[in-house]
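Visitor: Hello! I would like to walk through this structure with you, one question at a time.

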Amino acid sequence: MNSINRFIARTGSAAAAVLVALASAAPASADAPLRATYQGQAILFTHVASTSGAIAIGVNDPGFQTLLHDTGALLTWKPGERYVLLTTAVPVVVTFALGDGRYDVGQIALQASFAPYQRGDEAFLPFNEVLRALDLALRQDGRAWVLQPQLASLDVRQDSGHITLFAHGGAPLRPRIVQQSPSSITYAFDGVGTTLTGLRQINMGGVRTIEIATSGTVRNPTTTVTVALVAGAVVAPPRNLDDRDVTLAFGAAANSNAAANPNAAANPAVAQEQQQQAPSPESSAGAAAVTGVTIAPAADGATVTIAVNGNAAYEWHRLRAPDNRFWIDIQNAQLQGAPIDQSAVGPVLSVRVRQIDPQTVRVALSLDGQKSLTLAPAANGLQIGVGSQDVADAARSGTGSFGGVLASGAQTAAAVTPAPPGESGDYWNSTAAGGWKFGPRGTYVPANPRLIVIDPGHGGSDPGSMRNGVREADITLDVAKRLRDLLVARGWQVKMTRETDVDVYQPNDEAHEELQARVDVANKNGARLFMSIHVNAFINSGPYGTTTYYSKPEDVAFAQYMEKQLAADGTKDDGIIKSHLYVTLHTLMPAVLVETAFLSNPSDFALLTSPAWRQKIAQEMADGIGQYTQAYPVPNQPPQ
Amino acid sequence: MRSTRLPILVVLLAIAAAIAWLTLTHRAARNGETIAIYYTKLDGKALGDVRVSLRPPQADESATEHLHNTVLYAAVQAVAGPPNEIEAIRFPPGTRVLGVAVDGSTATVDLSKDVESQAGGSFGENGEFKGLVYTLTGIPGIDAVQVTVDGARLETLPGGHLELDQPLHRSDW
């Protein structure tokens, strides 16, 4: 049901903006200091030079460093390096190279007004380009200069009868509604100027036009966005994605919204067999004619065939999970007949075909996951194979061509592999990731097959993670003691790496000395298994769940038995994860490290601070050990 | 002749206008090669990627220097992580790449001490370094990553979990 029609309201004055920026660079005479106001604070730039009529700024300039700090940006460069990299708060990395006018912003290569250069031990960058990357503009206010935050972009996305505007600013965006009527609404963004002024026709999703204007002063600018609405259009309140990103959403009136999706209730079986027939003879000379689309179930997924008469090149893109849309723009093509809307049952949920501009036909597919995709020329057009399985690292874009007479060099099927060779599939699968660094230590025979070593993570001078006075070291010790008691009751010998709140090696030791001391307890005592107990944490409260980490081939089965028991512990089961953890790597016997839950997540926190829950996971760990040792008995030893 | 020249001129002007538009709006002009910057998703396991342009070597840039520059570029991108709208396991705020070195097929990445400000737990460390290692080993000629902090090799981060003493490979995950 999702359709795609993404375009950008960076209106035509962008060119003018650059000209203004270049012109405004001129007044700074060579090497004269530049004093500019940023957010009410005066910043003095002293390492400035005039180059090709534009300002060059030295990376060691104290004022520049203040500006980088205040905007949350980082600069990476040292003498001798050719690349000068600027990481913005977004973050986006802007890359300059000494002696090269090209600079790169993410995936986009741009041309700077002059090539950055080195003078003495300092690199000099084109200031206006740097400011643009920081979403700022240098503006003149009388005889003074102001670094004015910009409404840097206003992207428009159309989706199933809705229009969403994504605004991004060089300062926090707090839209105020200054005018609202049934026919229009005006938002004011205080504190930002823009070069995006102008009127843009939309005529979709309840929105007729968008007009961007600026008012106020150079120091206190306001940018207004006026949205002209269709009668009955629905307006959602502005929503801040973060400080500097806001969405404004609109929907068509209820009745026209339904009209936009006439096939919403269509019988999938009918839809799958449906083929849009349309006359093709009147197609304009040279242009390919898109005549219809068919969705057919395939052995593994579905096949979508786009019927095309003639030759054409195409470009495809896919969005990232959880947005499982994919589209192909067929260039120099005409859609014969009416726009096409088909719906189906997975993996292809819907197909829409539109003439998006006079030369381009867009075929948009909505999938039920990040499915594998293959594109190949077919006798009558282009065939898209949609797999039933999700792929971990789907390719995002590509190009190809098809048709009766292919250009030389384009004879082969323009197959789209979902990922580069050797990188496909589940990264977590150790085989796909390249196998094991170390082979199994098959020679290990536990000197004491009845001994389990339990390692309560952290302790002593290292409390581990902390939240609201709760310390990881205390929780791990409590769980470890409960597990010890359960194992001892079942006849196991148990050695703990620590029994109290102490460092295992010595106070304030290095982390690896501490970890090696824990490993030594298991290795030197010839333990059967090593079990490290930890509590997870993250910088925000989102992630939660239980994870069982392992490192060696001989850990896998133990990790699987452990995870199976812990899966029902009341928080999310994050499965088993292979990683390069010190204690699991350096122990000679099967070992796991269980991150029981996240101290940083409120619901996990409640579990971790509940003695009953800690008893429950200790019980599950004991069961995991019991089941694993039954399934994998030590040779010549009775199973426990 | 006149009748053919005018359409050609119109087409050329249209192309020029299109190129100017694409360039000036920071959009759509995907030039040349790209490389994948990997990040670990919030399930702690799956990798996502964003693609960034790969600069071609400059005239006076040797293959060795270009590899060095590409590693620096990719390392800075990986440490920065994807745009904030994408949920990802991220290096601690302020973490920066102080420098890189390439020795054979091993890239050494020197990180600032900010990387030691971990939230705790294996989750962050595991995800951060997995993304960095996958990114750098995606560069042809690089198959291992040695991490140093403020110029020094260390076995683990303070209070940490991941072993960093030896070069990391994709096969470690």
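Visitor: What is the order of the strands in the open sheet of 4 strands in chain A?
Guide: Welcome! Keep in mind that this is a predicted model. The open sheet of 4 strands belongs to chain A, and its pairing is mixed. Its strand order is 3-2-14-13.

Visitor: Which strands stand at the edges of that sheet?
Guide: Look for strands with a single partner strand, because one side of each is then left without a neighbour in the sheet. Neighbouring strands here are turned by 35 degrees against each other on average, direction ignored. The two at the edges are strand 3 (41–45) and strand 13 (136–141) of chain A.

Visitor: How many bridges join strand 2 to strand 3 of chain A?
Guide: Strand 2 covers residues 34–38 of chain A, and strands 2 and 3 run antiparallel. One pair to find on screen is A:Leu34, which stands opposite A:Phe45 in strand 3 of chain A. The number of bridges joining these strands is 5.

Visitor: Which helix lies across strand 2 and strand 3 of chain A?
Guide: Search for a helix that runs at about 135 degrees to strand 3 of chain A. Its residues are 62–71. That is helix 2 of chain A.

Visitor: Let us move to strand 12 of chain A. How many of its 5 residues are buried?
Guide: Strand 12 of chain A spans residues 122–126 and is described as mostly covered. Strand 5 (residues 54–58) of chain A pairs with strand 12 in the antiparallel sense over 3 bridges, and A:Ala56 has A:Pro126 as its bridge partner. Of the 5 residues in strand 12, the number buried is 4.

Visitor: Which residue in the turn between strand 11 and strand 12 of chain A has a positive phi?
Guide: Strand 11 (residues 117–119) and strand 12 of chain A are antiparallel and joined by 3 bridges, with A:Arg119 opposite A:Glu122. They form a hairpin with 2 residues between them. The residue with a positive phi, of about 60 degrees, is A:Gly120.

Visitor: Now the open sheet of 5 strands in chain A. What is its strand order?
Guide: Its pairing is mixed. The edge strands, each pairing on one side only, are strand 29 (333–335) and strand 33 (371–378) of chain A. On average, neighbouring strands of this sheet are turned by 30 degrees against each other, direction ignored. The order is 29-25-26-34-33.

Visitor: Which residue stands opposite A:Thr303 in strand 34 of chain A?
Guide: Strand 26 (residues 301–309) and strand 34 of chain A run antiparallel and are joined by 6 bridges. The residue in strand 34 opposite A:Thr303 is A:Gly385.

Visitor: Is A:Val386 buried or exposed?
Guide: A:Val386 sits in strand 34 (residues 381–390) of chain A. Leaving aside neighbours within four places in sequence, its contacts include A:Gly301, A:Pro347 and A:Leu373. A:Gly301 is 85 residues away in sequence, but 5.6 Å away in space, C-alpha to C-alpha. Because A:Val386 has 23 C-beta neighbours inside 10 Å, and the cut-off is 20 or more, it counts as buried.

Visitor: At roughly how many degrees do the axes of helix 6 and helix 11 of chain A cross?
Guide: Helix 6 (residues 472–489) and helix 11 (residues 611–631) of chain A have axes that come within 8 Å. Their crossing is right-handed. Among the residues that meet are A:Leu483 and A:Leu486 in helix 6 and A:Ile617 and A:Ala618 in helix 11. The axes cross at roughly 50 degrees.

Visitor: Finally, in what sequence do the elements of chain B run?
Guide: Chain B has 3 helices and 6 strands. Of its 173 residues, 45% count as buried. From the N terminus on, its elements run α-β-β-α-β-β-α-β-β.

Methods
Residues numbered from 1 in each chain as written. Chains lettered and ligands numbered in written order. Predicted model: local features only at pLDDT ≥ 70, side-chain atom pairs only at ≥ 80, totals over all residues. Buried ≥ 20, exposed ≤ 12 C-beta atoms within 10 Å, placed from the backbone. Contact = placed C-beta atoms within 7 Å. Pairing = 2+ DSSP bridges. Axes fitted to C-alpha atoms, helices over the stretch in contact; angles between N-to-C directions. Left-handed = near helix turned anticlockwise from the far one by under 90°.
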